[in-house]
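Please prepare a short briefing on the structure shown below. Cover its nonpolar cores, its sheet and its helices.

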Amino acid sequence: MAIERVRTYFETLGIADRILEFPVSSATVTQAAEALGCAPRRIAKTLSFMVDGKAVLIVAAGDARVENRKFKGVFGQKAKMLTPDEAEQLVGHAVGGVCPFAVLDGVEIYLDVSLRRFQTVFPACGSSNSAVEMTIAELEQYTDFVDWVDVCKDWQEEKEQIQ
């Protein structure tokens, strides 16, 4: 089970006790926000794509949507999301619990700039009923991310109000 891989990884970091598990689903941004009692934009959703034959994860704010033009500008091709089966096989987490922690070898992780407006965000922990609250610095520290990217839209309107 993917959450156990994440828990084992977090144990090596001394943060396994920070995993939150819910009696309800947190598989979607809306469900996660309801389970946590926070604004949907603070959910750090992890989206999985196929780029040049490999799995690529984009961690973005809950209110952000991938913009194909920006994605193509960064990755050189149109955004193609992984199917649920591909996500589980290539990333190691099932859709609804995909997260940037304890992923399979070869998966590249990118953090979208839409996250930078928050002090803390809530990524999933490998299951459809889990999350962890992390600062942006912790998210950088605990993920093996490649780089920050700007591939999303529809979140900038909120930027001024949150800072």
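In this predicted model, the largest nonpolar core has 49 residues, and F10, I58, F101 and L115 touch the most other members. A nonpolar core here is a set of buried Ala, Val, Leu, Ile, Met, Phe, Trp, Tyr and Cys residues joined through side-chain atoms within 4.5 Å; buried means under 20% relative accessible area, exposed over 50%, and partly exposed in between, with a 1.4 Å probe and protein chains only. The model is predicted, so local features need pLDDT of at least 70 and side-chain atom pairs count only at pLDDT 80 or more, while totals for chains, interfaces and linings use all residues. Residues are numbered from 1 along each chain as its sequence is written, and side-chain values use heavy atoms, with hydrogens and water left out.

- Another core, of six residues, lies apart from it and includes A32, A33, I43 and F122.
- Leaving out residues up to four places away in sequence, I58 touches K45, T46, L47, F49, F71, F75, Y110, D112, V149 and V151, where contact means heavy atoms within 4.5 Å.

**Sheet**

- Six strands form an open sheet of mixed pairing, in the order β8-β6-β2-β3-β5-β9; two strands pair if DSSP finds at least two bridges between them.
- β8 (134-135) and β9 are the edge strands, each pairing on one side only.
- β2 and β6 (residues 120-123) run parallel and are joined by two bridges.
- I43 stands opposite F122 in β6.

**Helices**

- Helix α2 (residues 29-36) lies across β2 and β6, at about 155 degrees to β2; axes are lines fitted to C-alpha atoms, for helices over the stretch in contact, and angles run from 0 to 180 degrees between N-to-C directions.
- K70, F71 and F75 are buried in α3.
- Seen down the axis of α3, its buried residues fall within an arc of 110 degrees, so they line one face of the helix; the arc is that of the directions from the helix axis to the C-beta atoms.
- The face of α3 turned away from the buried side carries the exposed residues R69, K72 and G73.
- G76 follows α3 and has a positive phi, near 75 degrees.

**A64**

- A64 is in the loop between β3 (54-61) and β4 (65-66).
- A64 is buried, with a relative accessible area of 1%.

Definitions and conventions. Helices (H or I, at least four residues) and strands (E, at least two) are DSSP runs, numbered from the N terminus.
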